[in-house]
Amino acid sequence: MKIIMLGAPGAGKGTQAKMIAQSYKLPHISTGDIFRANIKEGTDLGKEAKTYMDEGKLVPDELTVRILLDRVAKGDCKDGYVLDGFPRTIPQAEVLEKELEKLGDKVDYAINVDVPDENIINRMSGRRACLKCGATYHIKHVPPKKEGICDVCGSELVLRDDDKPETVKKRLDVYHEQTQPLIEFYTKRDVLKTVNGNADPKDVFAAIKEILD
Ligand code: AP5
Ligand code: MG
């Protein structure tokens, strides 16, 4: 099963993608997590990506596509995956579609996690992220067991550099301009499913499960 998560920054794509990945035994692939891991390790890729990410802009398609295609070519992806944060532009979606076509394959579901803009900024300032394993928390809605420490790997949790309110606003603008058109793209392919993301994470997942089962 090949699943794509769509939605504004902070809509809960990562939160739901992890639950889907665990429940359906699929790899969870987040381009944002790949970039953040590279930033943490100080790679050339990380240095380049950081200049865009810190401004709330998208990393150029060419670079992003190359990284994603390398990742989905790995053996663990042969029975499917959950893509979180990719595609994010029409050209990215077109490349993915072409590559899948070559394999006689296609995206099965594009799940749009719908949350109004006004709820987003609030969520982001409370988010805490683990840069080591990619786990995400929220100080109010999804707190870790021990304050400031990742439940999964024990690393320190941080506020992401791009989660400052000014940057979040810019990311929302970029979302509406460049990513939202994908809703129409996948509606035309008859794979778009929208769920209300403005509910408890467990209820959002229950709605997704109903679609996938
Ligand atoms: P990326 O890491 O993908 O960030 P994003 O799309 O902005 O989305 P987020 O990860 O911020 O939010 P999310 O929807 O995953 O929400 P989460 O589950 O964490 O990308 C970062 C940057 O990398 C981009 O800006 C760009 O520069 C670059 N990039 C990445 N991919 C790219 C691509 N394909 N092309 C070009 N550039 C790319 O939830 C948010 C918070 O809310 C958390 O605290 C969570 O605990 C909480 N929460 C979740 N669900 C709920 C709920 N139902 N109720 C209450 N709280 C909730
Ligand atoms: Mg995310």
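Visitor: How many nonpolar, polar and charged residues make up the shell around ligand 1?
Guide: This is a predicted model, and in it the shell around ligand 1 has 13 nonpolar, 13 polar and 10 charged residues.

Visitor: Nice. Which of them are the closest to ligand 1?
Guide: The closest are Thr15, Lys57, Arg88, Arg171 and Ala199, out of 36 residues that surround the ligand.

Visitor: And which helices or strands supply at least two residues of that shell?
Guide: Helices α1, α2 (31-41) and α6 (117-126) each do, and so does strand β6. The biggest giver is α2, with four residues.

Visitor: What about Arg171, what does its side chain do with ligand 1?
Guide: An N or O atom in the side chain of Arg171 is 2.5 Å from an oxygen atom of ligand 1. As for ligand 1 overall, the protein covers 97% of the 1,000 Å² of accessible area that the ligand has on its own.

Visitor: Where do backbone atoms come in?
Guide: Lys57 has a polar backbone atom 2.6 Å from an oxygen atom of ligand 1. For Ala11, a polar backbone atom is 3.3 Å from a ligand oxygen atom.

Visitor: Switching topic: how much space lies in the second largest pocket?
Guide: About 510 Å³. The pocket is lined by 20 residues, and Thr15, Lys18, Met19, Ala135 and Thr136 are the closest to its centre.

Visitor: You keep mentioning β6. What does it pair with?
Guide: Strand β5, residues 127-130, pairs with β6 in the antiparallel sense over three bridges. Within that pairing, Arg128 stands opposite Tyr137 in β6.

Visitor: How many residues sit between β5 and β6?
Guide: Five, and the two strands form a hairpin. In the turn, Gly134 has a positive phi of about 85°.

Visitor: Which other strand is joined to β5?
Guide: Strand β7, residues 157-158, is joined to β5 by two bridges, and the two run antiparallel. There, Cys130 stands opposite Leu157 in β7.

Note on methods. Residues numbered from 1 in each chain as written. Chains lettered and ligands numbered in written order. Predicted model: local features only at pLDDT ≥ 70, side-chain atom pairs only at ≥ 80, totals over all residues. Heavy atoms only, no water. 1 Å grid on protein atoms, 1.4 Å probe; cavity = no way out; pocket = protein on both sides within 12 Å on 5 of 7 lines; lining within 4 Å. Points joined across faces, edges and corners; volume = space filled by probe spheres on them. Near = heavy atom within 4 Å. Polar contact = N/O pair within 3.5 Å; in protein donor to acceptor, adjacent residues only side chain to side chain. Areas by Shrake-Rupley, 256 points an atom, 1.4 Å probe, with all protein chains shown as cover. Nonpolar A, V, L, I, M, F, W, Y, C, P; charged D, E, K, R; others polar. Pairing = 2+ DSSP bridges.
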